[in-house]
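I opened this model to look up two things and kept short notes. The entries are in the order I made them.

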Amino acid sequence: MGISRLVLPVLFCLSICFSDPSNAQRVNVQRGAAHEGQALVYVDKQGVMRWNKDHSEAQFFGVNYTVPFAYSYRAHRARGVDPQEAIRQDVYHMARLGVDAFRVHVWDTEISDSLGNLLDNEHLRLFDFLLAELSRRGIRAIITPIAFWGNGYPERDERTPGFSRLYGKGRATTEEAAIRAQENYLGQLFHHVNSYSRQTYVEDPNVIAVEINNEPSHSGPAAGVTAYINRLAAAIRATGWTKPLFYNISQSPFYAAAVAAANIQGVSCQWYPSGLVGGAELKNNFLPNVDHYAIPFDTIPAFRNKARMVYEFDAADMLQSDMYPAIARSFREAGFQWATQFAYDPMALAYANTEYQTHFLNLAYTPSKAISLLIASRAFHRLPRGAQFGIYPIDSVFDVFRVSYRSSLSEMNSTEEFYYSNSTTTRPVAPASLQHLAGVGNSSVVQYSGRGAYFLDKIDEGRWRLEVMPDAITIRDPFARPSPSREAVRIQWDSEPMHIVLPGLGGDFSVRGLNAGNKDQYTAADGAFRVRPGTYLVMAAHATAGTLPTKLGELGMNEFVAPQPFSSEPYVAHTPYAEVTANRAFVIRAGIVGVDSTDKVMLEFNRVGDFHRWETVMTRLSATDYSAEISARDVRSGELNYQIVIHKAGGAYWSFPGARQGNPAAWDYTGDEHWTTLVAGPTMRLEIFNATGDRPWIYPPFMRDGFDIAYVTGEMPGQLVLHMDRGRSQHGETIGGFQFAFTGRLDGRRSELAACDQLGIRARGSGPMRVTLTDADGYSYSAPIPIEGEVRDLHLPLRSFVPDSALLLPRPYPGFQARWFRAAGVAPPLRVADIQKVQVVIDTMGVLDLESIWFERSKQP
């Protein structure tokens with residue numbers, strides 16, 4: 001035991017130091033550096049992380065990022081992309097977004113053997129390069145040296161040499177040989193010299209702390225958990241480490257006291273408020289889900305003097321850009337001083353979102369979410385620790401920040417900074433004092449018709465640095481099953497109109513390209529000009545054309561990074577209306593890429609039971625947006641089938657859905673794909689849930705603890721029934737139920753909603769239960785269900801619904817977060833057109849067999 005723990009680190013050091021003379025020199029130079037004084041931060045007796053330089057509180061906000069390891073590394077190699085250059089480019093974008101924190105769970109299984117000996121390989125070299133690039137950009141790092149994971153996801157695990165593959169997560173925290181391997185590995189890793197910084201991680205001031213491992217799986221006596229943590233902490237400190245050590249407390253709440261009792265300075269938590277891996281984009285209001293971060297450990301005395309970090313968080317399966325600042329606000333309320341989103345997508349892989357299907361964040365490919373992250377970082381740094389702003393929707397405006405679900409908007413509006421993640425009508429509070437501006441879409445300061453992010457940073461009086469990213473057009477659901485061959489977001493480099501109105505700039509300013517190869521020069525006309533992606537100097541006509549600084553903050557003056565398109569083929573992104581109202585005109589809209597103004601786009605219709613086919617030319621609204629109005633006379637009760645056909649100027653035809661080449665009107669065209677919209681007659685229900693095709697979020701999420709759920713056949717052919725049985729719980733659970741979000745389902749029949757005054761339910765069952773309707777602003781309204789033993793249609797007057805709480809579903813990670821939410825203030829009257837979710841809860845033991853739920857108009861006498 002003594003040999004494996006002491007001799008092996010020495011042998012490893014000898015092998016790497018003397019095999020490479022430059023390494024030997026670096027070790028000799030750096031060993032003279034004092035470890036004391038290298039730490040940028042410390043944790044005081046109250047558990048507050050502070051700067052050593054002036055003892056003020058420290059806050060860090062940023063991302064996880066994984067290119068040196070696992071799937072991300074393999075995928076870059078498979079695409080022929082140099083991982084080192086990819087790291088350099090992605091870190092530039094991180095700096096562009098103003099983040100100052102990086103964390104990743106190191107795939108120890110790729111850089112160690114089964115005894116914990118460190119392997120000096122390509123993964124470790126790239127990790128060192130990443131740390132050096134982050135340091136160069138002012139982005140601090142917390143290293144989590146043990147991941148426990150295999151390196152496969154989303155592919156199969158490889159047969160890696162590391163101890164984690166040998167022991168797995170469960171055995172790694174209890175078996176003596178596994179613990180010795182971890183001690184050995186930690187000793188060698190923290191003695192390892194980064195060949196780029198020429199420092200060990202102990203000596204590198206940019207590495208401010210260590211989180212000992214990632215999401216450990218503990219078992220056995222609590223004393224054994226504390227002992228395990230202390231052994232690993234001691235192994236790190238034996239290398240000369242004096243900086244803070246953190247350990248995960250939220251993964252295994254049962255062992256929270258044992259974790260808090262360990263010789264550590266901080267604890268780590270995670271937050272996935274919308275769950276994980278939903279398999280499709282979530283589109284309804286999740287701001288209630290991030291209203292508050294609950295910490296159930298406050299009663300543990302040893303917890304109170306521990307610093308708090310969030311190692312991972314995300315608004316998973318979402319493209320809307322209202323979530324991140326609200327999450328940051330709740331983190332600050334809960335006392336966190338470090339938060340890192342999981343995970344920033346590498347630019348080379350983001351076109352298909354293959355790295356982690358449930359997460360999707362990249363400046364080029366998700367511009368609105370990226371600007372939202374920028375705003376969240378500002379909020380995390382600006383808001384005082386412990387600050388409270390009330391309950392949603394009151395807390396949607398806090399300090400200089402605003403979030404809006406209805407506008408999919410995050411916003412910061414301070415004296416010197418104005419940021420918005422989508423078009424906004426808000427005006428900057430002090431336009432003449434602005435130093436930094438970033439956004440997507442339009443504002444009173446910048447109008448831009450492109451689909452990418454842009455940034456304006458003031459250099460000096462009358463001179464600004466403008467950076468414009470290419471257009472990003474979502475063409476497939478990025479949260480569906482991914483594949484490297486399945487493009488989710490198309491990048492397009494278009495010249496788009498821009499209009500800038502800034503005090504001191506005037507209307508006839510000049511615009512000159514700065515990045516390599518960018519020779520564009522413009523003179524604005526009344527503030528308007530066209531611009532391609534790139535970095536530019538924007539200069540007022542009266543400004544002095546002096547020498548430009550080489551850097552602006554952490555950014556090079558001439559730097560610019562953006563991806564090229566994965567494909568240039570035509571593609572149509574379109575979601576048909578599920579239903580529309582008969583005899584009423586409606587508009588079909590589509591996002592189309594791979595076309596230009598010389599191409600013709602047509603709607604080809606075929607109504608079921610009617611051999612008449614007709615076509616309508618779609619109007620080009622922008623470089624990617626097309627629409628066509630369908631006249632009332634063509635909207636007859638029944639089924640409407642249609643295709644979108646692109647006729648390229650060169651003669652080629654493309655037909656969608658299906659992306660088939662060929663003219664559907666040709667006699668030998670064999671494709672039969674089409675979109676379908678039902679045209680509802682005057683008596684057709686406005687259905688919001690049907691058990692045959694809809695899959696809701698279930699609570700509890702698993703069949704356990706006296707709860708059973710199944711889809712069974714019913715009386716009607718082709719009709720499934722959702723069967724729920726809330727039996728006696730062994731662990732105090734008293735409820736069961738489901739929630740279904742039908743956002744957008746009734747958009748084609750919105751004109752009928754105002755007349756609806758009843759909710760219909762076809763079901764049978766026993767026991768007390770209620771149905772809850774939740775609107776777009778988070779207000780919920782409930783009514784009891786008068787359930788009976790036979791299947792029948794129930795008709796609940798909407799006037800019988802009263803304001804109430806609703807279950808927060810899907811359930812978050814960690815699971816100890818709030819289960820119920822009730823919006824603040826007096827609920828407005830229930831408005832059917834605003835309802836987005838329906839929920840049914842069995843309050844105690846009971847059984848429910850449910851077929852469908854719908855809105856309807858009561859039959860008048």
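My notes cover a helix pair and then a loop residue.

Entry 1, basis. I am working with a predicted model, where local features need pLDDT of at least 70, side-chain atom pairs count only at pLDDT 80 or more, and totals for chains, interfaces and linings use all residues. Residues are numbered from 1 along each chain as its sequence is written, and side-chain values use heavy atoms, with hydrogens and water left out.

I looked up H11 (residues 324–333) and H12 (residues 367–382), which pack at about 20° with axes 7 Å apart. Helices here are DSSP runs of H or I, at least four residues, and strands are runs of E, at least two, numbered from the N terminus. Axes are lines fitted to C-alpha atoms, for helices over the stretch in contact, and angles run from 0 to 180 degrees between N-to-C directions. H11 and H12 are therefore roughly parallel (angles under 35 degrees count as such).

I then listed the contact (heavy atoms within 4.5 Å). H11 contributes Tyr324, Pro325, Ala328, Phe331 and Arg332, and H12 contributes Lys369, Ser372, Leu373, Ile375, Ala376, Ala379 and Phe380.

I found Thr426 in the loop between strand E16 (417–420) and strand E17 (436–439). Leaving out residues up to four places away in sequence, Thr426 touches Arg402, Glu411, Asn413, Phe418 and Ser444.

I noted a polar contact from the Thr426 side chain to the side chain of Arg402 at 3.4 Å, and another to the side chain of Glu411 at 3.0 Å. A polar contact is a pair of N or O atoms within 3.5 Å; within protein, one must be able to donate a hydrogen and the other to accept it, and residues adjacent in sequence count only if both atoms are side-chain atoms.

Conventions. Angles under 35 degrees count as roughly parallel, over 145 as roughly antiparallel, 65 to 115 as roughly perpendicular and the rest as oblique.
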